[in-house]
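Reader: Hey, I'm new to this one. Could you walk me through it?

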Amino acid sequence: MSTVPPGPPGLDPVRLRAYLDRERPGLAGGPLTARLIEGGRSNLTYDVTDGRARWVVRRPPLGHVLATAHDMKREFRVISGLHPTRVPVPAPVLLCEDEEVLGAPFYVMEFVAGTPFRTAEELASLGPARTHAAVLRLVDTLVELHAVDPGAVGLGDFGRPEGFLDRQLRRWEKQLDASRNRDLPGIDELHAALGRELPDSPAPTVVHGDYRLDNVLIGGPDDEIRAVLDWEMSTLGDPLTDLGLLVMYGTELGIPGSPVSTTASAAGHPTTDEIVARYAAASGRDVSAVHWYTAFAWFKLAVILEGIHCRYTLGQTVGAGFDRIGELVPVFIQHGLSTLRKG
C-alpha cells in the first residue's frame, strides 16, 4: 500500500487533495506532492503536482500575522481581475478561506514555467543584448498594468487612492518607529523632505507595490514576461510609486557581496534614464517628479531593512546575510537624500 509523502511545513497534501476533490472534482488525478518554493519574503509559495499537472499554492507565513498584511483574498482577487487583460498573471484556480484545511486561508493558481532573475550574476546567463531587452519588457509590462481600467476588471474599490502618498509616508514612518533601536542619521531628514515635497498624484491605477525583476517569470524563446507574481502589496494608488521602485532597483548599490542586491551591474542593463524614458513614452504620464518617487523607494526599503536588522539584533531572525543588513540601511538613506537633492 503506497503512502503519500508528508508535505512541507504549512501544506498537508492529503488534506489539500480532499479539499480539491470536494470543490473541483476531477482537477487532481492522483496523490499530491508538494515542495516549498524558496525566495519568497513573506507569504509561502508551494509547487504542487499530482504527477500529471502542476499548480502553485499561496498561503500566509506559519504562526500567522496580521490578516491585512497577508490577505489571500486580495491576492486572488487581483490576479482574477487582471487575468483577462494583457498583464501576464497566472490563471486563478480557487480561493479557500476555510482555515481548517491548511491552517490558514490559501489560494491555488496555475503553475507558470519561467525564471526569476534576482541578481546581476544570474542575468549574466542571458548576455547583454537579452538582458537589455528583458528589462525593457519589464517596463512595458508595468505600462500595461497601469493602463488597466480598475473598474472594468472589478477592482474599482480595491484601495483608497485619495491621499495615497501621504498615507504611505505615515505608514512607513510608523513602521520605522516600531523598529527604532539605534541612531540613523538622515532618516528623519529624508522623511521630512519627502513630506514637504509631496507631488500631485496622477489618476490612480492598480499598483503592484513591489515591482521588480525577481517578481516576474521570464521564459520562452523571446525571453517574454510569462507572469507577474507576488501581489500581496497591490492596491489602487499612484502608479509612479511602482516606477520609482523599479528605478531604485536599477541603481547600483556599490557594495560587493551585499545581501540585498540590484540587477543594475549586469552587462546590458538599461540605465535608469532609459527606464524612465521608456515608461514615459509608452504611458504618456508626466514623470518629472520621478526623483521623489525614487527617493521614497529608498526610504521605504531603508525602513524595511531596519526592521529586519532590529529583529536580528533581538535574536528573532537567523540566516545567512542577516548580520550585514544593518550596514545597508545608511546606504539606502543616503541614496534617498541624494536623489531628492539632485531633483
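This is a predicted model: local features need pLDDT of at least 70, side-chain atom pairs count only at pLDDT 80 or more; totals for chains, interfaces and linings use all residues.

Reader: Good. Which residues are buried in helix α7?

Author: In α7, which runs over residues 187-196, the buried ones are I187, L190, H191, A193 and L194. Seen down the helix axis, they fall within an arc of 165 degrees, so they line one face of α7. That arc is taken from the directions from the helix axis to the C-beta atoms.

Reader: OK, so what covers the buried residues of α7?

Author: The cover includes α6 (164-178), α10 (290-313) and α11 (325-342). Contact means heavy atoms within 4.5 Å.

Reader: And the largest nonpolar core, which residues touch the most other members?

Author: Those are L194, W231, F299 and F332, in a core of 79 residues. Helix α10 gives the most to this core, with 13 residues. There is also a second, separate core of 19 residues, including L27, V48, L94 and C96. A nonpolar core is a set of buried Ala, Val, Leu, Ile, Met, Phe, Trp, Tyr and Cys residues joined through side-chain atoms within 4.5 Å.

Reader: New topic: how much space lies in the second largest pocket?

Author: About 270 Å³. A pocket is found on a 1 Å grid over the protein atoms alone: an open set of points where a 1.4 Å probe fits, with protein on both sides within 12 Å along at least five of seven lines, and lining residues have an atom within 4 Å of a point. The volume is the space filled by probe spheres set on the points, which are joined across faces, edges and corners.

Reader: What lines it?

Author: Of the 14 lining residues of the second largest pocket, the closest to its centre are V247, T272, H291, T294 and T339. The elements giving two or more residues to the lining are α9 (272-283), α10 and α11. The lining divides into four nonpolar, eight polar and two charged residues. Here Ala, Val, Leu, Ile, Met, Phe, Trp, Tyr, Cys and Pro count as nonpolar, Asp, Glu, Lys and Arg as charged, and the others, Gly among them, as polar.

Reader: Is H291 buried or partly exposed?

Author: H291 counts as buried, at 19% relative accessibility. H291 and G244 are 47 residues apart in sequence but 7.5 Å apart in space, C-alpha to C-alpha.

Reader: What about strands? Where is V108?

Author: V108 is in β5, residues 106-110, and is buried at 2% relative accessible area. Its C-alpha is separated by 4.6 Å from that of V57, 51 residues apart along the chain. Beyond four places in sequence, V108 touches several residues, among them L20, W55, V57 and L94.

Reader: And what does A227 touch?

Author: Apart from residues up to four places away, A227 touches P88, P90, V112, N215, V216 and L217. A227 is found in strand β8 and is buried, with a relative accessible area of 0%.

Reader: Which loop holds D230?

Author: The loop between β8 and β9. D230 has a positive phi of about 55 degrees although it is not a glycine, and is partly exposed at 24% relative accessible area. S234 is found in the loop between β8 (224-228) and β9 (235-237), and S234 is buried at 3%.

Notes. Residues are numbered from 1 along each chain as its sequence is written. Side-chain values use heavy atoms; hydrogens and water are left out. Buried means under 20% relative accessible area, exposed over 50%, partly exposed in between (1.4 Å probe, protein chains only). Helices (H or I, at least four residues) and strands (E, at least two) are DSSP runs, numbered from the N terminus.
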